[in-house]
Amino acid sequence: MYNSSVAVLFDAGYLWRNWKRILGRDGVPQDVVDLSRSLMHDDEKLFRVFYYDCEPFEGKKQHPITDKWKDYSKSEKAEERQGFLKSLSQRDNIAFRRGRLSHKGWKLTDDANNKLTRQLKLQYLEQTGMASSELPDPNFKLDQNAYQPNFSQKAVDMKIGLDVAWLSSKKVVQTIILFGCDTDYTPAMKHARREGCRVSIACFPSRRDNTRPDLHPELCEHADECRIMKYDQGVFVKVQYTV
């Protein structure tokens with residue numbers, strides 16, 4: 001163990017993509033607090049939690065199929081997310097770093113995309129005379145519910161990189177724990193290690209194998225260790241992963 005001061009950095013986009021898979025529900029502010037505590041080794045002392053997220057999108061957009069306008073500032077999800085961020089940012093030793101959410105158009109939902117891909121594949125097999133136990137569905141169609149807004153985070157990765165550089169270059173902490181799976185972290189991780197700071201990458205288990213991390217191998221390569229966080233009977237449990 002390392003007897004070190006620790007900064008924990010959460011990429012909220014990664015958390016929100018995985019809360020329901022891991023918890024069976026949406027996350028609440030206390031989950032972030034509990035997760036940060038469970039991440040650390042017994043002899044590590046928390047300096048601060050950095051939470052990187054975007055305020056809810058509050059613009060108005062027109063649906064590509066129905067042509068109806070939607071005011072996202074009045075949506076239930078926007079109000080819930082605003083409440084989440086307000087509550088979390090008021091907790092002790094938590095710094096909220098704001099990014100910006102931009103609307104990049106519309107995209108198919110995962111379910112609609114899977115159904116469309118399967119239908120096109122079956123049509124291709126039928127047209128080319130290749131063997132298939134299934135036939136295309138002649139009644140297949142997509143409706144307005146097949147589309148969802150395509151939002152993109154802006155400035156989050158940059159702010160994570162700046163904080164990693166500051167924490168390591170100024171010797172603010174001895175260990176940085178990055179919770180997420182974006183390979184854009186790599187340059188910042190390499191810089192921190194060159195500055196003599198230990199870097200741990202942390203994540204939830206892989207969807208395919210819960211004994212392995214939900215990470216690109218590149219992140220493990222440039223980290224000093226990998227910590228996998230599981231959720232068992234209402235408690236976060238840390239598992240040390242060795243490549």
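Is arginine 98 buried, partly exposed or exposed, and what is its relative accessible area? I found arginine 98 to be partly exposed, at 44%; the classes are buried under 20% relative accessible area, exposed over 50% and partly exposed in between, with a 1.4 Å probe and protein chains only.

I noted that this is a predicted model, in which local features need pLDDT of at least 70, side-chain atom pairs count only at pLDDT 80 or more, and totals for chains, interfaces and linings use all residues. Residues are numbered from 1 along each chain as its sequence is written, and side-chain values use heavy atoms, without hydrogens and water.

I looked up the salt bridges (a side-chain nitrogen of Lys or Arg within 4 Å of a carboxyl oxygen of Asp or Glu). The structure holds 12 of them.

I examined glutamate 55 and arginine 98, whose side chains form a salt bridge at 2.8 Å, N to O. Glutamate 55 sits in the loop between β2 (45–54) and β3 (60–62), and arginine 98 in strand β5 (residues 94–108), so the pair links parts 43 residues apart in sequence. Helices (H or I, at least four residues) and strands (E, at least two) are DSSP runs, numbered from the N terminus. Glutamate 55 is partly exposed, at 25%.

I then turned to arginine 25 and aspartate 31, which form a salt bridge at 2.8 Å, N to O. Arginine 25 is partly exposed at 32%, whereas aspartate 31 is buried at 5%.

I recorded a salt bridge between aspartate 111 and lysine 115 at 3.3 Å, N to O. Both residues lie in helix α4 (residues 110–128), 4 residues apart, about one turn of the helix.
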